[in-house]
Amino acid sequence: MKSRTKVVVIGGGIAGCSTLYHLTKEGWSDVVLVERNELTSGTTWHSAAQVTNFGGNQTMVGLKTHSINLYKELAENPEYPINYHHGDGGIRLANTEAQMQGYRHFSSMARGMNVDLEVIDAEECARRHPLISTTNLLGGLWDPLDGDIDPAQLCQALAYHARKAGAEVYRNTPVTALTQHKDDTWTVHTEHGDIDCDVVVNACGYRVNEVGAMMGVHHPVASMEHQYFLTEDIPAIVEAGHRMPLLRCPISDYYCRQEKSGLLIGFYEQGCKTWGMDGIDPNFVNALCPDDLERVMDVLEGAFERMPALAETGIRAIVNGPITYTIDGAPLVGPIPGKRNAFCIIGLRAGLGEGGGHGWLLAQQIVHGEAQYDTWVIDPRRFTGHTNVELTALKAIEDYQNEFRFHFPHEHRPAGRPAKTTPLTPIMAAEGAEFTVVNGWERVDYIKPTPDFHPSLSFNFDEAFGVVAAEVKNVAENVGLCEVNGFNRFEITGADRHIFLDRMFCGAVTKRDGRVGLGYLLNHHGMVKGEATIANLPASDRGAQRVWYGSAAASEFHDMDWLTAHLHPSEDVQIRSLTNDQTILVLAGPKARDVLSACARGDWSKEALPWLSLRECYIGFSPATVLGISFSGEHAYEIHVPNASLYAAYLALRMAGEAHGMKLFGARAVDAMRMEKGFLHWKADLLTEFDPFETGLDRFVKIDKGDFIGRDALLKRQEAGPRAKLVSLKIDTTDGPAIGGGSLMQGDKVVGTITSGDWGHRVGLNLAYAFVDPSLSTPGTILQLDRCGELVAAEVIDPSPYDPDYSRMRG
């Protein structure tokens, strides 16, 4: 066994084997996989092994497409062929128009990834799958490349080709401990000796947290028992003369695929069961859980109704084994938060179907620092400190119960709520707030007109449209108050803080005390990594000179990792998080200054506190830091208050606002207003797939300021010219917004992809952002948006259609 290697991958299921294989494809051959038993002896061996193109976003579609192409290539390789039923086709059923509309959106989204999904009616579903009934069925989504694969053969093939490229695999080699050294390298301790390495990868399936504990981390992954049956031969399948398509049924919570001349039928019962919550037997290897037929009888009855032939078919085998779920159902693939040179590829509930793509993207991150897609939707750092075992289990149960039910826009499921709150959460609830969830935080979405107000789930504008319009109107004409909790805030101190920040940002970084600026961070490839507000706080009785770094609520772990990774040992810089200590109250509208003047001492005139400046003060008697900035496009203040004083500050502002028509507003109104101003959202519009010039951030780049992270790569990209441009669009429909991922068409060709969309209530326009071919970025260009299957005109317009000269924000 080697004593030194570049990477050690721990775990020999699909996740580990795919990672090892793809590391060799990226050019790293000095890599090792260690497995405590035999390859595929965890969850992989009993996988139903379905391989579909369907995904909830473009990243997932892209990695699944890679899996399909890879598996086909492996299956056809005469050196190590594998059994892969490629292209049997598959149908996702629907019995509501809302589900069908969702399928039409996913078809549009997939088209942008060169994947053809087809929306078909009930009769066509039955024609393609002759075993199903059309009772209570509207139609479905057809994936022509759907299929299934032999899991053991697949993993052995990946390991075979990795070995051939120079990798090594050590079976029956349990890891006993992990040690990280001062230079951030690792020692992997095993029962057969130690291996020193640069990088370690946790690919341990349901034993993920056994290895996590060796690193001192906990991963939000839980296991669920999952049962499927193998039936006796079914005459209709024997007589069909072709393989049956795969079937996934959100109506009755089951799936099925052909297995020999019968079916494999799996169930997602409502009375489901977690597994391994109190530890896992070390001898649970190639093992199953006890059968529990009673638990799935209600689901089985629905399957009988949809497929009557099942009622006359015997069962020849029952499989009940653990599968892993994360806290939001999507895998965790990427850097482990708070660790250096440590990655994970875990929580792959559909591991065989998409594991080829996950290993592909992870290998790119390990070797190159980033993957070719923005991988935030699977990034382990998208969750922060609230993701304990109990909360993860509750969300895993909920996701299991809704396995084939996609999330609608503005849908927030109830399990595990409220995870994060402030002192104002119950106050806002009493005011009639409907809450959205941002990184676990309960944030006001809008104020309900009546307690029983419940908008329908749809891809169209819903019943909250008028409510949001009224909130925007009051902000534009009077003044509104909004709580923004969970906003990421780091306090950066030390004599070299500005030198450090100047290196991190691609543009000019304001250094003057009392001033505020916005800037962008790039990765080493010159792509947009992050966005942050920089506020310079002067020395006072509250502290020495310091910088507040503010960014998106979900970015806390991501940004801390990035900043601390680039600190120079010789620099006098300290970074600490204040994210959970303070909350922002946003005061916005033409009367905002009047309200602030009524509850805080001092001169709040434009001359005394101009736009992009700050002041420490008291709101009533609550200590606060006020920043003159706006995300709404109106004159506004961000009022940062310690949570201990938040309620008192809120009461003072509410009392001061009574004379000025102040009302509460929520996140939906904020999102609508930011669209009108051309303001962007991190990980919706700001992606690592594009550089700042392609994203329209030219004014925030200062190439000649000296060295900064990504500068050399950005210069090369600038010479090559843009591959895409982010544009603002006017969508010619009042039915609903452009949904992220939707495809923009010119004839039959996809020429762009929507990133955000919403109605601009102040300008009366249906607005969207999209990355398009640069030749189509000129205002006045007319494209076609495939919005849930309907082609509507989309005109490129100038950004910031509301108050383009920023006069209202300046006050």
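Strands E11 (residues 186-190) and E12 (residues 193-202) run antiparallel and are joined by 5 bridges. Helices (H or I, at least four residues) and strands (E, at least two) are DSSP runs, numbered from the N terminus, and two strands pair if DSSP finds at least two bridges between them. The model is a predicted one, in which local features need pLDDT of at least 70 and side-chain atom pairs count only at pLDDT 80 or more, while totals for chains, interfaces and linings use all residues. Residues are numbered from 1 along each chain as its sequence is written, and side-chain values use heavy atoms, with hydrogens and water left out.

E11 and E12 form a hairpin with 2 residues between them, and within this pair Val-188 stands opposite Ile-195 of E12. E12 also has parallel partners. Strand E1 (residues 4-10) is joined to E12 by 6 bridges in the parallel sense, with Val-8 opposite Val-200. Strand E20 (residues 342-346) pairs with E12 over 3 bridges, again parallel, and here Val-200 has Ala-342 as its bridge partner. In general, strands of a sheet pair through backbone hydrogen bonds, either parallel or antiparallel.

Helix H1 (residues 14-25) comes next. Its 12 residues reach 16 Å from the first C-alpha to the last, close to the 16 Å expected at 1.5 Å a residue; the expected span is 1.5 Å times one less than the number of residues. Because 11 of the 12 residues of H1 are buried, the helix is largely enclosed by the rest of the structure. Buried here means under 20% relative accessible area, exposed means over 50%, and partly exposed lies in between (1.4 Å probe, protein chains only). Among the buried residues of H1 are Ile-14, Cys-17, Tyr-21 and His-22. Gly-27, which follows H1, has a positive phi near 105 degrees.

Strand E16 (residues 262-267) is likewise a buried element: 6 of its 6 residues are buried, so the strand is largely enclosed by the rest of the structure. Strand E15 (residues 254-259) is joined to E16 by 6 bridges and runs antiparallel to it, with Tyr-255 and Gly-266 as bridge partners. E15 and E16 form a hairpin with 2 residues between them, and Lys-260 in the turn has a positive phi of about 55 degrees. Strand E13 (residues 221-231) is also antiparallel to E16, through 4 bridges, and Gln-227 stands opposite Phe-267.

Another open sheet has 5 strands with antiparallel pairing, in the order E25-E26-E27-E24-E28. Its edges are strand E25 (516-522) and strand E28 (574-577), each with a single partner strand, so one side of each is left without a neighbour in the sheet. Neighbouring strands are turned by 30 degrees against each other on average, direction ignored. E25 and E26 (residues 528-537) pair over 7 bridges, and Gly-519 has Ala-532 in E26 as its bridge partner. Helix H13 (residues 497-504) lies across E24 (488-493), E25, E26, E27 (546-551) and E28, running at about 30 degrees to E27. Axes are lines fitted to C-alpha atoms, for helices over the stretch in contact, and angles run from 0 to 180 degrees between N-to-C directions.

Trp-682 is placed in the loop between helix H17 (667-677) and helix H18 (711-720). At 12% relative accessibility, this residue counts as buried. Not counting residues up to four places away in sequence, Trp-682 touches residues including Trp-376, Lys-529, Glu-531 and His-558, where contact means heavy atoms within 4.5 Å. Trp-682 and Lys-529 are 153 residues apart in sequence and 9.0 Å apart in space, C-alpha to C-alpha.
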